[in-house]
Amino acid sequence: MPMLINIPSTQFTTGSMDRIEVLVKRNLHDHTTMHNEYLAEYENCKEKSKVSRGMEILKESDHQVTTLGDWDEQDNEFKLSDNEINSRVVLTSSYKNELKRVKKKQNLNSDKFNRYFSYMCKKLSSLPIQNSAVELISDDSIKITLSFLDEKVLMLRKYMVDGDRENNFNDITYSFFINRKLISADVTNFETFTKNFKEYITN
Amino acid sequence: MLQTLKLLPRILRNTLRINFLKFSGRLIFPLEILPKRNYKPVINISLLLENQSVFILRRSNSSFSDTFNELGYLRESALIPKEIPNLSLNLLGGKFKPKDACFRIINNGQKKWINNEPIFLCEYLKDFKKLDETCNIYLNANGIHRQQVPYTVPTNPHFKKEVDKFFEYVSKPIIEDDKFLLQGETNIQHDPTKLNYWHVEFNLIDFKGVALKYNNSTSIKDFCVKVLKDIICANSYNYLADPKPIPKKFYIK
């Protein structure tokens, strides 16, 4: 079951300490019994601005921390780069805001959305995202809008298919804009597209 | 002259009724947006967009947060699937002002204005409604007009014949998974209605130049509608700087 932790969006800044704070607090959320000990360590770390010590705190835990909880146990969050952590934080914040908005209006199968969002978030976190917006669309699809430097915007839509058929599960519809002008749109394999798009956007 | 004489009773009745409503403070509809007989039947949108930037307005009946996402782009859910193609919009920069978007035109008021037909508002007083809470969506017309959109159509025998005929002298379309991969184009067309001269429609033109209709066809519904939505969302704004006025030569005869 995906787990979303309530961290105010004001904490989602780009500084290293802030990101570590997010990670540590997430970790602590899972280990409330160890809360005080970790918090003291964290405060100590924060005071001394020892970023590496912050990472060590995470490594000391026997639990594999993930940005969104245990949706991917193989994914060691502390192995992620700063950029990846930042992208995940940006995406998660948008997703949480959207969940909150939609839940006020209708009953939502949030497990299903969580699962698909987690899948997308994991792949998209490799991209240097500046900002994002998530939309949960009633026809069982998730739309993620990502903004990058130089007025580049990527809109991705993932349909939530039943049965997880391999072909459908990996398919995604995308539209890519520069200065709001459509450059490309297609239905394609999500993993391949993300990999290729990362190469494009980082070069 | 003869035509004016024929219309005289209607002109008089309209003048009396509208003036009465105006002076009693009960005239709420903006008279400025009505078609006038000295207006051109249709504004050439492509020519207009070649000359200047133009914004168009779409009314949303949802709240601001349900209309725009965190990045300030239009939410896809603020558009109803059946509205695309044939998305109804209002041209700004002429007589239509953002405050006029709170009027929903219904019944006969929605019918197409043709043949310079004189419009007397007193005959349409039941053909509009004033909405209490609306949210205005501003779209950059230059960004959504004439955009290439790929779409697919299953290669059934009848359609294959049609496509083969069309592409006899031009390059053949790509066939993927038994579907023709074709190029369509977005199009904004002036579509004046009896109660709103500034009404325009957003459509997708197929490979032959004909407007695609929403007919539950998966080829239209599935992909090109999504791309159309993305184009609209990417060119949406939740605010409007002063729109550039449309020169009179584009709409006055």
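Reader: Across which strands of chain A does helix α4 lie, and at about what angle to β1(A) does it run?

Author: First, the basis: this is a predicted model in which local features need pLDDT of at least 70, side-chain atom pairs count only at pLDDT 80 or more, and totals for chains, interfaces and linings use all residues. Residues are numbered from 1 along each chain as its sequence is written, chains are lettered from A and ligands numbered from 1 in the order in which they are written, and side-chain values use heavy atoms, with hydrogens and water left out. Helices (H or I, at least four residues) and strands (E, at least two) are DSSP runs, numbered from the N terminus. Axes are lines fitted to C-alpha atoms, for helices over the stretch in contact, and angles run from 0 to 180 degrees between N-to-C directions. Contact means heavy atoms within 4.5 Å. Here, α4 (residues 82-105) of chain A lies across β1 and β2 of chain A, at about 35° to β1(A). Helix α5 (residues 110-124) of chain A also packs on the sheet, touching β1, β2, β3 and β4 of chain A, and its direction makes about 25° with that of β2(A).

Reader: How are α4(A) and α5(A) oriented to each other?

Author: Angles under 35 degrees count as roughly parallel, over 145 as roughly antiparallel, 65 to 115 as roughly perpendicular and the rest as oblique. The two helices pack at an angle of about 160°, their axes 10 Å apart; α4(A) and α5(A) are therefore roughly antiparallel. Residues making the contact include A:Leu91 and A:Tyr95 of α4(A), and A:Phe113 and A:Phe117 of α5(A).

Reader: What is the strand order of the sheet, and which strands stand at its edges?

Author: Two strands pair if DSSP finds at least two bridges between them. The open sheet of 5 strands has the order β1-β2-β3-β4-β5 (chain A), with antiparallel pairing. At the edges stand β1 and β5 (181-189) of chain A; each has a single partner strand, so one side of each lacks a neighbour in the sheet.

Reader: How many bridges join β4(A) to β5(A), and how many residues of β4(A) are buried?

Author: Buried means under 20% relative accessible area, exposed over 50%, partly exposed in between (1.4 Å probe, protein chains only). There are 8 bridges joining β4(A) to β5(A), and 6 of the 8 residues of β4(A) are buried. The two strands form a hairpin with 2 residues between them, and A:Asn179 in the turn has a positive phi of about 50°. By contrast, A:Ser138, in the loop between β1 and β2 of chain A, is exposed, with a relative accessible area of 64%.
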